[in-house]
Amino acid sequence: MKYDSLFEFTPYGMDLFAKAMTGEIEEDAVDIKSEKVARIIPNTGAIEVKDWATSRDMAAAVLGSMAGADVGDLAKRDGVWGWLSFIFRDVLYPRQADGTRLLRELHKWYPSNLSDFRKGQRHLVRAPVLLLSQLGENADHLLCTKPNAPGEVREQLTSQQDMFHPTFQAAARLLYFDPTSKKLKKGAGGKGAGASRRLARVRLQLDVTWDLFALSAEQLLEKLPKEFDKYRAAK
Amino acid sequence: MRRNIRLSGRKQLPANSISVTSDRKDEELLLNITHINDSEFKSFPPSAEVELRLTENKRVSIVSLGTLGAMKRSVVADGFFLQPMCQLRVVSKDSGTWGLLLGSTSAWRLGVKKADEKEQLVTGLLNFLPSKIRPRTWKLSIEEDVHPRFEVDDRIPDPEAWARSNTIFLGTVLPAILYQVFDDILGQEYRDQKQWMKDWLEWANTLMPGSAPPAHDETVAAKREWIDNLIDTFCHRHALSDKLVDELIEVANVK
């Protein structure tokens with residue numbers, strides 16, 4: 001399915017969207033061509049819904065259609081992310097055997113307040129788009145999984161506000177992303193020594209000693225304890 | 001092998017070390033340094049860099065104010081930020097200690113309007129804030145770096161005094177707030193790294209000395225039980241139900 005431009009749900013449209021996603025009303029009842037339900041976002045281009053291999057591919061497609069608009073401004077508009085969730089629903093929230101959609105938690109499909117530090121990064125469209133927009137290739141390790149399965153590495157490495165900085169994510173990419181296979185290194189999302197869960201904790205400890213924002217990614221890696229050696233060396 | 005990294009001798013700077021106001025001009029946010037408490041910075045070398053860390057809506061930015069010896073009084077920040085969380089940081093730029101964090105304040109929310117400066121001065125466990133939250137009468141906001149904000153409908157006369165003294169509020173709403181705050185804290189793996197969470201846990205320890213809170217990966221039932229015990233202790237200490245019942249009986253008798 002291809003759309004000529006991006007749209008955003010009106011408040012009425014958001015209400016219908018929420019009801020349709022949870023099965024209160026039929027999805028066909030959300031008439032996205034109606035101005036009462038959704039309005040066009042100026043200066044945005046076409047977007048085609050595909051079975052993207054990774055969140056990065058999906059985010060790149062969305063950013064491509066946002067090229068003429070202010071992504072920072074769109075980030076704060078819930079209607080944009082509601083509309084995208086709705087048109088991407090078969091990719092992100094597929095139907096289960098019983099006919100209901102696999103929604104998981106609310107804020108994976110219904111955008112939370114963006115500033116909510118626990119839930120703001122959960123949305124399956126908004127989070128990848130913002131990560132790619134802000135971090136570029138430094139978000140590779142966060143966006144290399146299927147769009148509907150963000151995984152533990154993204155969960156851990158977006159759990160603190162200060163993680164949304166290129167230096168930290170560049171260091172994390174060097175640790176956990178294999179640029180050859182374009183996949184995460186084995187164990188990166190686990191609970192073992194040096195895994196992303198530990199990096200999240202160690203970052204907090206380093207943060208009270210060093211100005212992590214002033215360091216390069218390589219300098220930050222040098223300050224990590226030995227337990228991270230296996231990822232420094234791993235391919 | 002896992003180990004905790006030894007913490008530095010970073011100086012905790014008081015919030016009033018610096019006052020910052022902000023103005024929006026076109027697409028930019030202008031930050032103006034209106035006051036600096038020089039005595040707080042005496043122990044740092046003039047070559048140390050002073051910076052403001054701004055965070056809001058999943059974006060973080062560092063704004064340099066120059067060095068302590070030649071500090072700028074006005075800087076421009078990314079226009080993306082509206083009312084960001086703000087933290088003052090002093091960083092060594094000397095070759096031997098380059099990048100070392102010498103001092104920092106706790107984070108506060110930058111007030112875009114002058115009227116919001118009051119919020120910067122509130123540093124209690126729970127920050128009371130009159131807000132336009134109708135139709136709700138109160139709302140609790142929990143953020144990453146600052147003590148929770150308790151917002152009260154600003155149409156209530158003297159809302160802070162009301163919230164602190166009204167027996168109905170104290171006996172019914174406050175326990176709910178305690179539950180919400182501790183439910184949040186106990187679910188956090190990194191609670192020991194966040195000052196506001198440590199403050200709340202220290203407060204809990206004064207009520208229930210020696211009763212260690214359950215770890216983040218303990219069962220929901222264990223956490224609920226601990227919080228429930230805490231609320232029982234708090235209500236008992238302040239005789240909240242007695243005060244409420246007494247007041248209700250008094251009102252009934254007057255009628």
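Reply:
**Helix α5 of chain B in its setting**

A:R201 and B:D192 form a salt bridge in which the closest N and O atoms lie 3.0 Å apart (a side-chain nitrogen of Lys or Arg within 4 Å of a carboxyl oxygen of Asp or Glu). The model is predicted: local features need pLDDT of at least 70 and side-chain atom pairs 80 or more, whereas totals for chains, interfaces and linings use all residues. Residues are numbered from 1 along each chain, chains are lettered from A in the order written, and side-chain values use heavy atoms, without hydrogens or water.

The rule finds five salt bridges across the interface of chain A and chain B. Chain A contributes 40 residues to the contact and chain B 38 (heavy atoms within 4.5 Å). Between them the two chains bury about 3700 Å², 50% of it on carbon and sulfur atoms; this is the accessible area (1.4 Å probe) lost on being put together, summed over both. The model scores ipTM 0.76 and pTM 0.75.

Chain B has an average pLDDT of 83, and 91% of its residues score at least 70 (the predictor's confidence in each residue, from 0 to 100). Within chain B, helix α1 (residues 117–121) has the lowest confidence, a mean of 37, and strand β9 (residues 101–104) the highest, at 92.

The expected span is 1.5 Å times one less than the number of residues, and helices are DSSP runs (H or I, at least four residues; strands E, at least two). In α5(B), the residues B:K223, B:W226, B:I227, B:L230, B:I231 and B:F234 are buried (under 20% relative accessible area; exposed is over 50%, partly exposed in between; 1.4 Å probe, protein chains only). They lie on the same side of α5(B) because they cover an arc of only 135 degrees around its axis, taken from the directions to the C-beta atoms. An α-helix has 3.6 residues a turn, so residues three or four places apart point the same way.

The buried residues of α5(B) pack against α3 (167–186), α4 (195–207) and α6 (240–254) of chain B. On the face turned away from that buried side, B:A221, B:E225 and B:H236 are exposed. After α5(B) comes B:A239, with a positive phi near 45 degrees.
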